[in-house]
Amino acid sequence: MRKDNHRYIISFLMNEIVIDGSIGEGGGQIFRTSLTLALLTKQPLRIYNVRSKRSSPGLKAQHLTALKAAARISNAKVVGDFLGSQEVLINPGEIRPGQYKFEIPTAGSTALVLQTIFLPLSTASRKSEVTITGGTHVPWSPSYHYLKWQWFHWMEKIGYSGKLELNRCGYYPAGGGEITCNVFPQGSLLPLQITERGKLNQIRGISAATNLPKEIPSRQRIRFVSCLGSIYPLNDIRSVLLPGRGKGTFLTVLVEFEESAACFTSLGEKGKRAEQVADELVNEVDEYLSTSGCVDAYLPDQLLIPLSFSSGPSKINTPKISLHLMTNAEIIQRFLPVKINIKGALDAPGTIYINP
């Protein structure tokens, strides 16, 4: 903690929530979840040991941008807002709707910054417009297309509303991508029962590249279709070139069932053949379809906070219980009087119960 900030700390001490960022998986999700909930509950937050279990602990550019975004939309007082900081204090005020632009100066995830502030902005009385620059299709985070096709679909079922657009793609390491999201005031928040997936209707998707020959996304698509086309109902898997900064490729598919859906992405990188990008996605989709999970393993983690504010109990069958999921549930219950029960073994299929 910077010494010149010590005189401000006393203002945070009343009724603060204190979070140890080293618990559970000890990564950035603890920080982002805590930020979101501090804004939603208007409680002062002190979080220490930020990202302590990562090879480079403390705030990276993406986390710092999320912190600054959270502070700006809530007119918050903040201590510890600098790169590498391992302790942060934030005292949020009222959420202020408006037109915002936030920049991650690296390929940090635009999706994760958006998810940090989306729910707080949804509580405002009027629409907000948020533009974020950084990475749109990068490792260890939801891609733009995952948000657009999967996350927003389920958020709208709960009662949240937004409109997301891709202005340009951003990949690792160049970044420079841009998304714009209109966040509308939330409606009545309903629970979800995602316990059956029903018949597999189709698998649709997009194979894309930026600043690379068009044959590359075409090869990704051909390989994916040749591997799974005779087994599953594939439909509308497009091969496209998208604008952006730097070079990159990705292949994203949405597996649509009668009652549910799952979304998966494979990313290209320098020296990685188009066929390898497709093969990785084929394996992930095949592995998922061999389970009874109703959604992909990433979605329940992203719905825990929204469902914690819903009007009734929710239940989700997941193909995999992750430490990430369990840690997120623990953090949420530090802020809210919600009961989250996760039944099943770590890294195995299970069921999640959320009872607000």
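Axes are lines fitted to C-alpha atoms, for helices over the stretch in contact, and angles between them run from 0 to 180 degrees between N-to-C directions. The structure on the screen is a predicted model, in which local features need pLDDT of at least 70, side-chain atom pairs count only at pLDDT 80 or more, and totals for chains, interfaces and linings use all residues. Residues are numbered from 1 along each chain as its sequence is written, and side-chain values use heavy atoms, with hydrogens and water left out.

**First stop: helix 1 and helix 8**

Select residues 28–41, which form helix 1, and residues 323–335, which form helix 8. Helices (H or I, at least four residues) and strands (E, at least two) are DSSP runs, numbered from the N terminus. The axes of helix 1 and helix 8 cross at roughly 25° and come within 10 Å. Helix 1 is therefore roughly parallel to helix 8; angles under 35 degrees count as roughly parallel, over 145 as roughly antiparallel, 65 to 115 as roughly perpendicular and the rest as oblique. The crossing of helix 1 and helix 8 is right-handed, a term used if the near helix is turned clockwise from the far one by less than a right angle, whereas anticlockwise is left-handed.

Next, show the side chains at this contact (heavy atoms within 4.5 Å). Helix 1 contributes Gln29, Ile30, Thr33, Ser34, Leu37, Ala38 and Thr41, and helix 8 contributes His324, Thr327, Asn328, Ile331, Ile332 and Phe335. These residues divide into six nonpolar, seven polar and no charged. Here Ala, Val, Leu, Ile, Met, Phe, Trp, Tyr, Cys and Pro count as nonpolar, Asp, Glu, Lys and Arg as charged, and the others, Gly among them, as polar.

**Second stop: helix 7 beside helix 8**

Pro300, Asp301, Leu304, Ile305 and Ser308 of helix 7 meet His324, Leu325, Asn328, Ala329 and Ile332 of helix 8. The contact consists of six nonpolar, three polar and one charged residues.

Select residues 110–122 for helix 3 and residues 144–158 for helix 4; they pack at an angle of about 15°, with their axes 13 Å apart. Helix 3 is therefore roughly parallel to helix 4, and helix 3 passes helix 4 in a right-handed crossing. On helix 3, display Ala111, Leu114, Gln115, Phe118 and Leu119; on helix 4, display Leu147, Trp151, Phe152 and Met155. By class, this contact has eight nonpolar, one polar and no charged residues.

**Fourth stop: the nonpolar cores**

A nonpolar core is a set of buried Ala, Val, Leu, Ile, Met, Phe, Trp, Tyr and Cys residues joined through side-chain atoms within 4.5 Å. Buried means under 20% relative accessible area, exposed over 50%, and partly exposed in between (1.4 Å probe, protein chains only). Which residues have the most contacts inside the largest nonpolar core? They are Leu67, Phe118, Leu303 and Phe335, in a core of 85 residues. Helix 4 supplies the largest share of this core, nine residues. A second, separate core has 19 residues, including Ile203, Leu228, Val255 and Leu281.

Centre the view on Phe335. Apart from neighbours within four places in sequence, Phe335 is in contact with Ile17, Ile19, Ser34, Leu37, Ala38, Thr41, Gln43 and Leu45.

Select residues 200–210, which make up strand 10 and include Leu200. Leu200 counts as buried at 18% relative accessibility. Not counting residues up to four places away in sequence, Leu200 touches Tyr232, Pro233, Val255, Glu256 and Phe257. Thr210 is also found in strand 10, and Thr210 is buried at 0% relative accessibility.

Most residues other than glycine have a negative phi, and most peptide bonds are trans. Lys42, in the loop between helix 1 and strand 2 (45–48), has a positive phi near 55°. Is Lys42 exposed, partly exposed or buried? Its relative accessibility is 38%, so Lys42 counts as partly exposed.

Asn75 lies in the loop between helix 2 (61–74) and strand 3 (77–79). Asn75 has a positive phi of about 50° and is exposed, with a relative accessible area of 53%.

Finally, select Pro173, in the loop between strand 7 (161–170) and strand 8 (177–184). The peptide bond from Tyr172 to Pro173 is cis, with omega near 5°.
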